[in-house]
Amino acid sequence: MSTPKVSILVPVYNVERFLLQCLDALCGQTLRDIEIVCINDGATDRSPAILHECAARDARVRVIDKQNTGYGNSLNLGISQACGEYIGIIEPDDFPDKRMFKKLLKVAERTHADVVKCNYFNYFEGSDHLVENFAGLPYRRAFDPVDYPQVVCSIPSIWTGLYRKTFLEREGISLRETPGAAFQDAGFSLKVWFAAHTGALAKKPLLHYRMDNPGSSSKTTDKVFTVCEELADAEAFLRQRPERARVLLPWLAVDKWGKYRWNYERISASEHVAFAQRMVDEYRASQDANELDYSLFKPEDAALLRNLLDVGAEAFAAAHPDSY
């Protein structure tokens with residue numbers, strides 16, 4: 001199939017336990033006009049064998065084998081080789097509803113959107129728990145993120161979307177090719193919302209996001225400043241679009257606060273002072289540039305941020321040993 005409607009990218013590294021469930025769900029999609037591009041990032045378990053066995057059964061499955069170069073490089077390679085009009089991304093330990101891509105494509109074609117996303121389930125030990133990631137935002141119609149800038153603060157969830165390939169190429173949207181799986185989804189998601197003039201949302205949850213994989217990259221406790229570098233790269237991307245930056249930069253500061261809290265809880269307590277100092281430096285710069293709007297924060301978060309800037313990193317970390 002040379003020109004499928006949707007190319008679904010599956011970056012794979014040592015996930016043999018869950019991979020077959022994911023592939024079966026993709027091959028069973030009610031939208032048949034798809035290709036499933038599996039990027040084997042040098043996996044050392046049975047994942048490559050599972051991929052090639054699946055490709056032998058279904059001609060729509062294509063396997064790209066390469067050395068281990070990390071999540072960002074894998075997806076960038078997949079995007080460059082995708083043949084579809086739209087691109088979807090599915091993590092190999094998650095699995096989609098069988099109607100996911102048919103429903104997302106229907107919304108994309110009806111609204112002419114460059115990006116369409118849906119809500120999802122957190123999946124833990126066989127049970128689903130709804131995550132309405134886009135509560136309060138317009139469903140089933142086209143919108144410009146500048147008109148609903150709070151979308152910037154939604155969970156990245158790049159695996160719940162469809163992205164028009166020509167949009168990604170035109171806007172120069174790609175993932176940072178940092179080693180391993182290093183939160184590259186955060187920067188990618190932000191760049192999509194920063195650049196898209198037309199987005200759309202499906203209210204129905206269509207993806208089961210696995211929470212019980214002990215090997216998930218979100219469970220690592222190293223890479224103290226990696227999330228900062230992701231957000232800095234996304235901010236530089238936004239600043240190249242000054243009219244959009246005027247509206248979206250203050251919301252990026254709100255989004256950063258939540259992501260930094262998550263990172264603060266994740267890293268070793270011995271790194272809290274250094275990380276809090278990074279926060280102080282960044283938020284003071286935003287304040288000095290008149291790009292910080294405390295009214296956009298929840299009142300308790302605005303108070304915490306003011307406190308951080310007033311007392312400094314060391315005192316703030318001492319007062320908040322686990323979280324803030």
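Colleague: Is helix α6 buried or exposed?

Modeller: Buried means under 20% relative accessible area, exposed over 50%, partly exposed in between (1.4 Å probe, protein chains only). In α6, 11 of the 12 residues are buried, so the helix is largely enclosed by the rest of the structure. Among them are F188, W193 and F194. Helices here are DSSP runs (H or I, at least four residues), strands are E runs of at least two, and both are numbered from the N terminus. Keep in mind that this is a predicted model, where local features need pLDDT of at least 70, side-chain atom pairs count only at pLDDT 80 or more, and totals for chains, interfaces and linings use all residues. Residues are numbered from 1 along each chain as its sequence is written, and side-chain values use heavy atoms, with hydrogens and water left out.

Colleague: OK, and how many salt bridges are there?

Modeller: Side chains of opposite charge can pair when their charged atoms come close. The cut-off is a side-chain nitrogen of Lys or Arg within 4 Å of a carboxyl oxygen of Asp or Glu. Searching the whole structure gives 22 salt bridges. Take D41 and K66, whose closest N and O atoms are 2.5 Å apart. That pair links distant parts of the chain, with D41 in strand β2 and K66 in strand β3, 25 residues apart. Both residues are buried.

Colleague: Which helices does the R261 and D301 pair link?

Modeller: R261 and D301 form a salt bridge at 2.6 Å, N to O. R261 sits in helix α8 and D301 in helix α10, 40 residues apart. D301 counts as buried because its relative accessibility is 10%.
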